Amino acid sequence: MPAYTFRADGTKANGAAPISPGAPAGVVAGDLLLIATTCRPNASTLTTPTGWSVLKTNDAETENGATLLGRIADGGANDTPTISWSTGNSSAQIAAFSGDVYTDLATIVAHSAAAASTSNTVDIPNPAITITTDNCLVIGVAKKRKTATSNGATVTSPTGLNNRIGLDWQGGSLTTLVWDYTQQTTATNISASIWNQSVEESLPYSSLIVALKTAATLDPIRLIWRV
């Protein structure tokens, strides 16, 4: 079956802009690079790094500040960009995937959903998403405002997103970043659930789920793989 293979994640970065997440190990040209980035204030905007595409963002939501960026690695300097939100403290991390990489970033997103609230919310809700395309790489990204009380809290992944990429707790009353993935074979919907925090705090959140196509598709007539 066509699939993405998780290659590696890079070191996390956080703080006031600009921040510089580290490169994942072992990246080769043609890999799919993803950046998950979150920011505390809902008035902040993100400058899209050179050579990257916004795959999904919550900028239309009342509580924005969660964005997934994508790029096809070429070994150049743009593979490891700086991340600049217009205000506030942010987090960012790069992850690399190899395998059946779909290289058209304008059409790589098969399905997506976002959720957010400026009201106080325990844990981090994830949106439900209907997935009708087989073999998608499904990525979930979430942020939650926090206080010092939640420093060191663990976060359990939502149902259907069973592989942790990264978790970044900033110290003090700032924000967190958590993201997870799963590689599907048969298209499977993901129900509304939560990233479950071990230290629960009622604070605003933002989250998104994106289903990314693979390059190979099964021809149902000829029953062969085609690219």
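Which residues touch the most other members of the largest nonpolar core?

## The largest core

This is a predicted model. Its largest nonpolar core holds 23 residues. Leu32, Leu34, Leu68, Phe97, Ile139, Trp179 and Leu212 touch the most other members. Six strands each supply at least two residues of this core: β3 (32-39), β6 (66-72), β8 (89-99), β11 (137-145), β14 (175-183) and β16 (203-212). In soluble globular proteins, nonpolar side chains tend to be buried together.

Take Ile139 as a case. Leaving aside neighbours within four places in sequence, Ile139 is in contact with Leu34, Leu68, Phe97, Trp179 and Leu212, among them. Its other contacts include Ile165, Asp180, Tyr181, Leu208, Ile209 and Val210. Another core lies apart from the largest one. That core has 18 residues, including Ala153, Ile190, Tyr205 and Ile209.

## Aromatic pairs

The whole structure contains three aromatic pairs. One joins Phe6 and Phe97 edge-to-face. Their centres are 5.4 Å apart, with 70° between the planes. The partners are 91 residues apart in the chain: Phe6 sits in strand β1 (residues 4-9), Phe97 in strand β8. Phe97 is buried, with a relative accessible area of 0%. Phe6 is partly exposed, because its relative accessibility is 25%, between the cut-offs of 20% for buried and 50% for exposed.

Phe6 also pairs with Tyr181. The ring centres are 5.6 Å apart and the planes lie at 25°, so this pair is stacked; stacked pairs have planes under 30 degrees apart. This link, too, spans distant parts of the chain: Phe6 is in strand β1 and Tyr181 in strand β14, 175 residues apart. Tyr181 counts as buried because its relative accessible area is 13%, under the 20% cut-off. Ring pairs link Phe6, Phe97 and Tyr181 into a cluster.

Asp168 lies in strand β13 (residues 163-169). Is Asp168 buried or exposed? It is buried, yet Asp168 has no salt bridge. The nearest side chain of opposite charge is Lys12, 5.8 Å away. A salt bridge would need a nitrogen within 4 Å of a carboxyl oxygen.

The Asp168 side chain does make a polar contact with the side chain of Ser91, at 2.9 Å. Not counting residues up to four places away in sequence, Asp168 touches Lys12, Ala13, Asn14, Ser91, Thr175, Thr176 and Leu177.

Notes. Residues are numbered from 1 along each chain as its sequence is written. This is a predicted model: local features need pLDDT of at least 70, side-chain atom pairs count only at pLDDT 80 or more; totals for chains, interfaces and linings use all residues. Side-chain values use heavy atoms; hydrogens and water are left out. A nonpolar core is a set of buried Ala, Val, Leu, Ile, Met, Phe, Trp, Tyr and Cys residues joined through side-chain atoms within 4.5 Å. Buried means under 20% relative accessible area, exposed over 50%, partly exposed in between (1.4 Å probe, protein chains only). Helices (H or I, at least four residues) and strands (E, at least two) are DSSP runs, numbered from the N terminus. Contact means heavy atoms within 4.5 Å. Rings of Phe, Tyr and Trp (its six-membered ring) pair if their centres lie within 6.5 Å; planes under 30 degrees apart count as stacked, over 60 as edge-to-face and the rest as tilted. Lys and Arg count as positive and Asp and Glu as negative; His and the chain ends are not counted. A polar contact is a pair of N or O atoms within 3.5 Å; within protein, one must be able to donate a hydrogen and the other to accept it, and residues adjacent in sequence count only if both atoms are side-chain atoms.
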